[in-house]
Amino acid sequence: MKLRRIGRLAPLALVWASSASLAAPPDNGSAERDERVQALGRHADATRGQAAYEVCQGCHLPNALGRADGSYPRLAGQHASVLVKQMLDIRAGRRFNPKMRPFIDEALVSTQDVVDIAAYLAALPSPPTNGRGAGTELVQGRRVYEAQCTSCHGADGSGDAARFYPRLNGQHYEYLLRELVYIRDGVRGNADPKMVETIRGFSFSELAALADYVSRLPSAP
């Protein structure tokens with residue numbers, strides 16, 4: 001299986017219908033914490049978020065389902081807390097994403113816009129139409145996932161909004177694979193140190209099997 005080398009574009013918050021308040025995450029110290037606490041403490045409005053999302057849909061598409069080739073991830077149905085964290089990390093340079101960085105610049109997208117966009121995206125459906133791998137190593141992928149990943153991302157890949165662990169089910173195979181390689185190789189920048197340590201010794205074929213299995217988990221309703 002072949003990895004596409006594509007420059008790219010884990011939580012205490014919940015989205016309620018079209019409007020919500022996002023609770024702040026645990027206090028970890030640092031400017032990163034302060035920025036995130038400020039954002040997640042704001043009232044989120046998904047209706048405003050739909051309008052603010054216009055700057056994003058050229059890449060992530062109007063339905064926020066991304067692209068099956070993995071060039072852009074599926075954002076629909078992702079936890080609002082995860083989305084806020086990742087957008088802020090990219091903007092601050094904590095996460096490597098040169099393609100997205102200009103589009104999340106403060107001049108274009110305010111902190112309130114980030115919160116509203118996250119609320120809008122979290123409420124979108126994530127149908128089972130995501131990109132998947134060859135399906136030849138699913139037994140190995142399942143074995144790795146159940147042994148190493150379920151404690152954080154859950155047996156069904158639904159993640160954990162309160163701990164900033166992203167929802168994985170419904171995500172594109174190629175995107176998952178690329179990000180796993182980035183995390184393993186220290187490229188991503190903002191990866192959870194526990195995850196970096198967990199997959200540090202994984203081969204590319206093991207990561208490919210893992211990504212393929214995860215891409216086939218039933219997507220979020």
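This is a predicted model: local features need pLDDT of at least 70, side-chain atom pairs count only at pLDDT 80 or more; totals for chains, interfaces and linings use all residues.
1. Overall fold. The chain contains 10 helices and 2 strands.

2. Burial and surface. The chain has 221 residues, and 51% of them count as buried. Its accessible surface amounts to about 9800 Å², and carbon and sulfur atoms account for 56% of that area.

3. Salt bridges in general. Side chains of opposite charge can pair when their charged atoms come close. In this model the count of salt bridges comes to 15. Several are taken up in the points below.

4. Arginine 48 and aspartate 116. The side chains of these two residues form a salt bridge, with an N to O distance of 2.7 Å. The pair joins distant parts of the chain, since arginine 48 belongs to helix α2 and aspartate 116 to helix α5 (residues 111–122), 68 residues apart. Arginine 48 has a relative accessible area of 41% and is therefore partly exposed. Aspartate 116, by contrast, counts as buried because its relative accessibility is 2%, under the 20% limit.

5. Arginine 178 and glutamate 179. A salt bridge also connects the side chains of arginine 178 and glutamate 179, at 3.7 Å from N to O. Arginine 178 is buried, with a relative accessible area of 1%. Glutamate 179 is buried too, at 4%.

6. Arginine 184 and aspartate 185. The side chains of arginine 184 and aspartate 185 meet in a salt bridge of 2.8 Å, N to O. Here aspartate 185 is partly exposed, its relative accessible area being 45%.

7. A salt-bridge network. Glu35, Lys85, Asp89 and Arg94 are linked to one another in a network of salt bridges.

8. Valine 55 lies in the loop between α2 (46–52) and α3 (57–60). With a relative accessible area of 30%, valine 55 is classed as partly exposed.

9. Largest cavity. Rolling a probe the size of a water molecule over the atoms shows where empty space is left. The largest cavity has a volume of about 50 Å³. Its lining consists of Arg74, Ala76, Gly77, Gln78, Ser126, Arg167, Asn169, Gly170 and Gln171. By class, the lining residues divide into 6 polar, 2 charged and 1 nonpolar.

Definitions and conventions: Residues are numbered from 1 along each chain as its sequence is written. Side-chain values use heavy atoms; hydrogens and water are left out. On a 1 Å grid over the protein atoms alone, a cavity is a set of points where a 1.4 Å probe fits but cannot get out, and a pocket is an open set with protein on both sides within 12 Å along at least five of seven lines; lining residues have an atom within 4 Å of a point. Grid points are joined across faces, edges and corners, and a volume is the space filled by probe spheres set on the points. Ala, Val, Leu, Ile, Met, Phe, Trp, Tyr, Cys and Pro count as nonpolar, Asp, Glu, Lys and Arg as charged, and the others, Gly among them, as polar. Helices (H or I, at least four residues) and strands (E, at least two) are DSSP runs, numbered from the N terminus. Buried means under 20% relative accessible area, exposed over 50%, partly exposed in between (1.4 Å probe, protein chains only). Accessible areas come from the Shrake-Rupley method with a 1.4 Å probe; for residues, only the protein chains shown count as cover. A salt bridge is a side-chain nitrogen of Lys or Arg within 4 Å of a carboxyl oxygen of Asp or Glu.
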